[in-house]
Amino acid sequence: MTETNAPQQFFPAGASPGPVDLSVVVPAMNEEVTIGEFVDWCREGLAKAGVPGQILIVDSSTDRTAAIALERGAEVLCVPKRGLGRAYIDAIPFIRGKWIVMGDADLTYDFRELAPFIEQFRSGAEFVMGSRFYGTIETGAMPALHQYFGTPLTTWILNTIYHSKYSDIHCGMRGLTAEALQRIDLQSQSWEYASEMVLKAARIGLRTAEVPVKFYKDRAGRVSHHRRMGWLSPWVAGWINLKVMLVYSPDSFLLKPGIVLLAVGLVSTLLLIGGPVQIGPIVFNLYWMLLGLTCATLGYSCVQIGVLARILHRLRPGFTQRIQTALTYNRGMGIAGAMTLLGVILGSVLLVNYISGGWRLAKIWHPAIFGLLLIILGFQTFCFTLLIEMTQRVAATRNA
């Protein structure tokens, strides 16, 4: 079996492909030490669950992994070495089951226990996460740094941002319906696909569940991919997974805080437009007005990025339609022009007073500060309108 740019599917002798209930889809790279027993585990798990199934090994090996998998009765999809996420993306057209269970072919997850996933699917779950913390972790299977710091911390961050309730977002054994996989629209090419799946499942409101799984240490003679990459690998993995959490749905932590910042900034600036205000012993003066200008500018930027994120990631089609209907090109340019013009007028008054005063200002004219804010917000609105228009053109090109 030679590597080509296009995936190639191979079937075991005597196979008759057809619709099945469950597809076990697992990428593998140079796993000849474990792949044979792994396929046996999958077959045992399907038999215990009492469902017809497909075992699909997505292989990019240079050893006998693919040949052994075929001999044991699995289907093999040969793909170029392009990363875990890409392997799952390549496999989508070849998946025949209405339910899918994913994982690793290294015997660290017990695929003899597929029944709990099937039970959750039958109960209506669309995304089923395995949890090593609710199940069992064999001594030596997970480094202490991962078990007690990395995984709990990143799980807490994701749960906080996306209001989810996972206990183990990095568990490699997970399941979802074929329809849910299409809705998630997986984009990640490497192992950050795992975080992308979890956070998108939360963002699009999939019905989720968790089941306990068993996690074993590496078999004798096998070294995990992380250990092959050296001591820096866990830190790189953590950094990339954090990046995915931030990039794939920044509206979750930017949109609402941005609205609050913008509101506080506008109110503060408007209240001081006529000059200093004293409330009891506290005097709100120019510095408070500049703070309000800063809050309004930062808040408006957060709101814009949050809105663009929702549009670009296409997780909420209804929201996108409302924004594109409300902020047309003409309306956006009109608002931007009006704010900028008013800001320039207020700034011009200050300039006139400055020149007529012999290039000196006798006192601060607070409306000019508000004018600066209007110019900034006007320019931001101009840029935001252009970006919205560009996203519509890109979307139209995709759909053509």
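Select Asn30. At 29% relative accessibility, Asn30 counts as partly exposed. You are looking at a predicted model. Asn30 lies in the loop between strand S2 (20-28) and H1. Now check its backbone: phi of Asn30 is near 55°, a positive value in a residue that is not glycine. Most residues other than glycine have a negative phi.

Next, select Leu107. Is Leu107 buried or exposed? At 2% relative accessibility, Leu107 counts as buried, because buried means under 20%. Leu107 is found in the loop between S5 and H4. Leu107 is not a glycine, yet its phi is positive, about 70°.

Stay in that loop and select Tyr109. Tyr109 sits in the loop between S5 and H4. Tyr109 is buried, with a relative accessible area of 3%.

Now look for aromatic rings. How many aromatic pairs does the structure hold? The structure holds 9 aromatic pairs. A pair of rings is described by the distance of the centres and the angle of the planes. Two of these pairs come next.

Select Phe38 and Phe111. Their rings form an edge-to-face pair, 5.0 Å centre to centre, with 70° between the planes. The angle counts as edge-to-face because it is over 60 degrees. Phe38 belongs to helix H1 (residues 35-49). Phe111 belongs to the loop between strand S5 (97-102) and helix H4 (115-122). The pair links distant parts of the chain, 73 residues apart. Both Phe38 and Phe111 are buried.

Then select Tyr109 again, this time with Phe215. This aromatic pair is tilted: 5.0 Å centre to centre, 45° between the planes. Tyr109 is in the loop and Phe215 is in strand S8 (residues 208-215), 106 residues apart, so the pair links distant parts of the chain. At 9% relative accessibility, Phe215 counts as buried.

What sits over the ring of Phe215? The charged end of Arg132 does, 5.0 Å from the ring centre. For another example, select Arg112 and Trp41. The charged end of Arg112 sits over the ring of Trp41, 4.0 Å from its centre.

Now show the whole of S8. Which side chains of S8 point to one face and are buried? They are Ala209, Val211, Val213 and Phe215.

S6 and S8 pair in the parallel sense. The pairing runs over 7 bridges. Zoom in on Thr136, which stands opposite Lys214 in S8.

Last stop: the cysteines. A disulfide is a covalent bond between the sulfur atoms of two cysteines. How many disulfides does a search of the whole structure find? The search finds 0 disulfides. Select Cys42 and Cys171. Cys42 is in no disulfide, and the nearest cysteine sulfur, that of Cys171, is 15 Å away. A disulfide needs the sulfur atoms within 2.5 Å. At 0% relative accessibility, Cys42 counts as buried.

Finish with Cys295 and Cys302. Cys295 is in no disulfide either; the sulfur of Cys302 is the nearest cysteine sulfur, 11 Å away. Cys295 is buried, with a relative accessible area of 16%.

Technical notes. Residues numbered from 1 in each chain as written. Predicted model: local features only at pLDDT ≥ 70, side-chain atom pairs only at ≥ 80, totals over all residues. Heavy atoms only, no water. Buried < 20%, exposed > 50% of the residue type's maximum accessible area, 1.4 Å probe, protein only. Phe/Tyr/Trp six-rings, centres within 6.5 Å; stacked < 30°, edge-to-face > 60°. Helix = DSSP H or I, 4+ residues; strand = E, 2+ residues; numbered from the N terminus. Lys NZ or Arg CZ within 6 Å of the ring centre and 35° of its normal. Pairing = 2+ DSSP bridges.
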